[in-house]
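Here is a friendly set of notes to read beside the model. Keep the structure open and find each place as you go.

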Amino acid sequence: DYIRLLRGLVGLEEEMTQALHLKRVIILPGDSEADSAVQRELGRVTAGVVGQCLGDNMTIAVSGGSTMASVAEAVNFSAPSTTVVPARGGLGEKVEYQANTIAAVMAGKLGGRYRLLHIPDGVSEEALEVILADDANVRVVAEIIRQADILVHGIGQAAEMAKQRGLSANIVDELVRRGAVGEALGQYYTIEGNIVYVTSSIGLHLDDLAGIRTVIAVAGGGKKAQAIMAVASTGSHDVLITDEAAARAIQQII
Ligand code: G3H
């Protein structure tokens with residue numbers, strides 16, 4: 001905390017809390033893009049915030065990504081009545097970074113339970129409906145996700161995430177043309193928080209989080225400044241945990 005005060009990060013937290021209409025912003029010193037120790041620190045602090053929000057018999061929904069993998073790794077307390085679920089269906093990325101894996105790792109650390117969704121990314125709406133109609137387990141897990149108490153998710157840069165997820169070059173171009181800069185939970189947003197594109201999937205969407213008590217986003221690195229602003233501008237978040245590199249870049253924009 002002393003270092004955060006010294007570097008003016010506490011004042012910047014206040015400024016960002018106001019500008020992005022959040023309840024709480026935490027800024028960690030350093031740049032997680034350049035220094036993996038800072039990414040681990042993002043994970044550790046985010047895991048601590050989750051711990052503060054957690055009560056008995058709660059459900060945590062988690063997204064995928066390398067930042068969220070550090071969150072799951074950093075959990076160092078037990079909460080055996082907790083259930084962890086992926087925030088949405090979507091397989092295809094590196095297995096360590098898939099939401100299912102992160103849910104299982106986090107549940108393991110908590111000594112709790114997990115429920116998973118085995119649905120590939122990019123399945124059509126029609127196919128998802130068939131799966132939902134046909135598979136009682138998917139229906140049960142989808143309902144558990146919808147009623148999660150806490151959502152914790154990462155934020156990606158729109159074009160980068162779209163390419164990584166294998167969207168066609170045409171769609172990537174279209175996303176960029178329409179101003180998409182940020183991605184979370186398979187949804188792509190402009191810097192004002194307007195939705196540009198949605199990957200069809202089962203699970204949570206940022207514009208449909210009415211039932212979720214606490215929504216926590218975690219992302220760092222100067223390159224993600226616009227992406228973080230885009231996702232925060234959707235107005236669905238309570239807490240943002242970020243790093244100094246992203247926060248200083250955001251400060252230039254707000
Ligand atoms: O949706 C967000 C991305 O999965 C974030 O991934 O933490 O590896 O940058 P990352």
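1. Let's start with helix H10. Helix H10 (residues 225-232) gives 3 residues to the lining of the largest cavity, the most of any contributor. Helices (H or I, at least four residues) and strands (E, at least two) are DSSP runs, numbered from the N terminus. Before going on, please note that this is a predicted model, in which local features need pLDDT of at least 70 and side-chain atom pairs count only at pLDDT 80 or more, while totals for chains, interfaces and linings use all residues. Residues are numbered from 1 along each chain as its sequence is written, and side-chain values use heavy atoms, with hydrogens and water left out.

2. Now the cavity itself. On a 1 Å grid over the protein atoms alone, a cavity is a set of points where a 1.4 Å probe fits but cannot get out, and a pocket is an open set with protein on both sides within 12 Å along at least five of seven lines; lining residues have an atom within 4 Å of a point. Grid points are joined across faces, edges and corners, and a volume is the space filled by probe spheres set on the points. The structure has 1 cavity of 30 Å³ or more, and the largest cavity holds about 30 Å³ of space. Its lining consists of Leu22, Ile155, Ala217, Ile228, Val231, Ala232, His237 and Leu240. By class, that makes 7 nonpolar, 1 polar and no charged residues. Here Ala, Val, Leu, Ile, Met, Phe, Trp, Tyr, Cys and Pro count as nonpolar, Asp, Glu, Lys and Arg as charged, and the others, Gly among them, as polar.

3. Back to H10: why is it described as largely enclosed by the rest of the structure? Because 7 of its 8 residues are buried, where buried means under 20% relative accessible area, exposed over 50%, and partly exposed in between (1.4 Å probe, protein chains only). The buried residues are Ala225, Ala227, Ile228, Met229, Ala230, Val231 and Ala232. Their cover includes strand S5 (150-154), S6, S7, strand S8 (187-189), strand S11 (239-243) and helix H11 (244-253); contact means heavy atoms within 4.5 Å.

4. Next, look for the largest pocket, with a volume of about 650 Å³. It is lined by 33 residues, and Gly65, Ser66, Ile155, Met161 and Lys224 lie nearest its centre. At least two lining residues come from each of helix H3 (36-53), helix H4 (66-74), strand S6 (156-157), helix H8 (158-164) and strand S7 (182-184). Sorted by class, the pocket lining has 10 nonpolar, 14 polar and 9 charged residues.

5. H5 (residues 99-110) has 12 residues and reaches 16 Å from its first C-alpha to its last, close to the 16 Å expected at 1.5 Å a residue; the expected span is 1.5 Å times one less than the number of residues. Its buried residues are Ala99, Asn100, Ile102, Ala103, Met106, Ala107 and Leu110. Seen down the axis of H5, these fall within an arc of 165°, so they line one face of the helix. The arc is that of the directions from the helix axis to the C-beta atoms. As a reminder, an α-helix has 3.6 residues a turn, so residues three or four places apart point the same way. Among the elements covering the buried residues of H5 are strand S2 (59-62), H4, strand S3 (83-86) and strand S4 (113-114).

6. Which residues does Val84 touch, not counting those up to four places away in sequence? They are Ile60, Val62, Ala103, Met106, Ala107, Leu110, Arg113, Tyr114 and Arg115. Val84 sits in strand S3 and is buried, with a relative accessible area of 0%.

7. Finally, check some backbone angles. Most residues other than glycine have a negative phi, and most peptide bonds are trans. His21, not a glycine, has a positive phi of about 55°; it lies in the loop between helix H2 (9-19) and S1 and counts as exposed at 67% relative accessibility. Asn57, also not a glycine, has a positive phi of about 55°. Asn57 is in the loop between H3 and S2 and, at 60% relative accessibility, counts as exposed. Just after H5, Gly111 takes a positive phi of about 70°.
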